[in-house]
Amino acid sequence: MNSKHIETAAIRTQIERTQFLEHSNPLYLTSSYIFEDAEDMRASFADEKERNIYSRYSNPNSSEFVEKICQMEGAERGYAFATGMSAVFSTFAALLDSGDHIVSCQSIFGSTQTLFNNILPKWNISTSYFRINEIERIENLIQPNTKILYAESPTNPAVDILDLELLGNIAKKHNLIFIVDNCFATPYLQQPIKFGADLVIHSATKLIDGQGRVLGGVTVGNAELIQKIYLFSRNTGPALSPFNAWILSKSLETLPVRVEKHCDNALKTAKFLKNHDKVNFVKYPFLKSHPQHELAKKQMKFGGSIVAFEIKGGIDAGRNFLNSIKLLSLSANLGDTRSIVTHPASTTHAKLSEEDRLKTGISGGLIRISVGLEHAEDIINDLKQALK
Ligand SMILES: *Cc1c(COP(=O)(O)O)cnc(C)c1O
């Protein structure tokens with residue numbers, strides 16, 4: 001089932017049904033599959049047939065989930081992982097050799113930064129960073145051994161926007177593989193392949209599940225690159241479990257309606273914060289005051305579920321604000337039905353020096369809200385009383 005409409009692809013992309021003709025996709029809890037005879041078994045192992053052999057390689061539930069993401073992102077092929085980080089790690093490990101080099105935006109997910117700074121260097125793979133407002137420096141960072149250009153947009157936690165088309169053009173000019181972590185936007189709001197991305201990665205743990213239940217990840221894009229990632233993964237074992245794949249595939253059916261409501265609530269929350277006298281600034285891509293508002297509107301359907309703002313009074317005011325929150329959750333997740341507030345300077349980014357924190361756009365008073373699906377008035381009222 002191929003549809004140009006993301007909503008339809010998310011619902012109607014399905015694998016073959018069993019003899020029971022289930023309307024909704026069943027759960028395939030099986031670790032392996034049987035062969036008709038010796039010839040069937042030989043041909044299957046020789047990759048002459050596309051079929052399920054063992055659930056570390058593929059499973060009908062993960063295949064359905066991956067196919068939906070491919071349809072939504074406009075990708076040729078993909079592979080599903082147990083977590084977002086296993087998708088990130090396996091993608092880099094499959095594509096890079098010792099001595100290779102990555103050029104990445106500095107504002108990326110914390111564990112991805114740890115991967116680049118502390119883990120990949122064990123195999124002599126190095127990374128150079130550009131800051132969000134230093135796009136013109138990218139070409140100076142590219143070396144003869146650079147293989148990958150990497151970015152997230154919107155960024156975490158400062159909600160900045162990177163020009164994906166510009167990055168795509170730089171990657172093409174220098175023959176780099178352009179990879180985008182599209183987790184914050186979801187395939188409903190933004191399809192990086194349109195702007196030149198070769199691969200798109202998601203942590204499905206966030207808005208794709210959207211209900212805070214399971215971990216998962218996926219990489220989709222160019223078929224040749226995915227073949228390398230697939231062969232790496234089927235031998236190293238980061239596969240998504242059939243149960244989680246079943247949950248995630250079901251979740252995709254409601255992703256467009258959920259995300260639209262998240263965005264609606266987030267815009268209302270951002271507008272409320274913008275006019276508050278205890279707030280220095282608010283960052284939300286679809287607020288006119290966002291420095292990259294026009295770019296956000298070009299790349300994204302709506303503004304996303306994450307709002308960042310700076311409370312007056314620095315790190316202490318940030319901590320006090322968190323202690324005064326009543327309804328919203330203090331939690332490390334995002335993209336849940338439940339709204340979540342975090343204070344990056346004292347939690348996720350506490351290990352960085354203040355200088356490094358400011359480089360990624362994180363001041364002491366910066367608060368990140370993952371706006372959920374509660375009634376917008378209740379979210380705003382909680383923020384209002386906590387700001388007092
Ligand atoms: C959460 C997250 C990840 C990692 O995903 P896990 O499922 O937690 O492993 C990667 N990138 C971004 C942008 C994220 O928000």
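Within the protein, 72% of the contacts with a separation of 6 or more are accounted for by residues 24 or more positions apart, a contact being defined by heavy atoms within 4.5 Å. The model is predicted, and local features accordingly need pLDDT of at least 70, side-chain atom pairs count only at pLDDT 80 or more, and totals for chains, interfaces and linings use all residues. Residues are numbered from 1 along each chain as its sequence is written, and side-chain values use heavy atoms, with hydrogens and water left out.

The protein has 14 helices and 12 strands, these being DSSP runs numbered from the N terminus (helices H or I, at least four residues; strands E, at least two). Its radius of gyration is 21 Å, close to the 21 Å that the globule rule gives for 388 residues, so the protein is as compact as a globular protein of that length; the radius is taken over C-alpha atoms, and the rule is 2.2 Å times the number of residues to the power 0.38. Along the principal axes, the C-alpha atoms fill a box of roughly 75 × 50 × 35 Å.

Of the 388 residues, 56% count as buried, that is, under 20% relative accessible area with a 1.4 Å probe and protein chains only. One of the residues of helix 3 (residues 60-73) is Ser62, which counts as buried because its relative accessibility is 11%. When neighbours within four places in sequence are left aside, Ser62 is in contact with Ala80 and Ala245.

Technical notes:
Buried means under 20% relative accessible area, exposed over 50%, partly exposed in between (1.4 Å probe, protein chains only).
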